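The following paragraphs lead through one protein model, from its pocket to its core and then to a single side chain.

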Amino acid sequence: MEEIGPREIARIGIFKITNTFISLQIVSILVLLISFWVSYKPTEEIRTRRQSLVEALIEMFQRYLGGFLGEEKAVKYFPFFSSLFLFILISNWSGLIPGFTSPTSDLNVTIGLAIGTIGYIQYVAIKEKGIDYLKSFISPSIIFLPINLLEQITRPVSLSLRLFGNITGEHIVLAIISFLAPLIVPVPIMALSMFMGFIQALIFTTLSAAYLAAVFEE
């Protein structure tokens with residue numbers, strides 16, 4: 001049966017080394033290699049199939065982001081959101097590999113990912129709007145300050161729990177079905193799980209882009 005969730009495999013002092021930590025490092029390296037491969041442009045003026053495919057995917061994703069951020073902002077923040085999407089997608093799919101545990105089935109990973117994403121959005125908001133952004137926390141009146149702060153706090157909670165819950169649930173269902181019918185059912189279920197992994201990566205990225213878009217609209 002497929003292994004689900006973090007499991008301690010070693011310890012360095014007080015620090016636990018889990019299987020999801022190892023998976024996280026492998027996925028991170030893979031995302032870096034893919035990013036380098038995608039961004040690499042040969043010096044010859046020869047248009048290859050790879051270049052055409054990559055450019056088509058980039059333009060499609062930028063148009064999708066443009067629906068939230070506008071064309072200019074979509075191009076500017078494309079590296080962040082494309083990296084975020086690629087990381088979550090590969091993390092979700094990696095759980096389908098025998099012996100590999102998806103990093104996104106570890107709540108610690110999804111919490112860290114959500115906090116990092118919201119932290120980056122807050123950084124961009126202050127960088128783009130300066131002190132005026134802080135005024136949005138007391139808009140339309142100072143009595144709304146607790147509500148506006150609570151809204152910001154609940155965003156990483158919502159993002160992390162949604163991703164963790166959905167990925168863990170999908171892997172549990174896949175593990176149970178694989179145990180009950182190991183030769184017949186898993187293939188279509190794995191295809192469905194890959195589709196759901198794609199959807200979850202897209203939802204996380206879309207909500208993050210929507211949060212950033214809300215900053216520019218305030």
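Which helix supplies the largest share of the lining of the largest pocket? That share, nine residues, comes from H4. The model is predicted: local features need pLDDT of at least 70, side-chain atom pairs count only at pLDDT 80 or more, and totals for chains, interfaces and linings use all residues. Residues are numbered from 1 along each chain as its sequence is written, and side-chain values use heavy atoms, with hydrogens and water left out.

Helices here are DSSP runs (H or I, at least four residues), numbered from the N terminus. At least two lining residues of the largest pocket come from each of helix H1 (19-39), helix H2 (49-69), helix H4 (78-94) and H8. On a 1 Å grid over the protein atoms alone, a pocket is an open set of points where a 1.4 Å probe fits, with protein on both sides within 12 Å along at least five of seven lines; lining residues have an atom within 4 Å of a point. The lining comprises 23 residues, and Val38, Leu57, Phe78, Ser82 and Leu86 lie nearest the pocket centre.

Glutamine 200 lies in helix H8 (residues 186-217). This residue counts as buried because its relative accessibility is 6%, buried meaning under 20% relative accessible area with a 1.4 Å probe, protein chains only.

Technical notes. Buried < 20%, exposed > 50% of the residue type's maximum accessible area, 1.4 Å probe, protein only.
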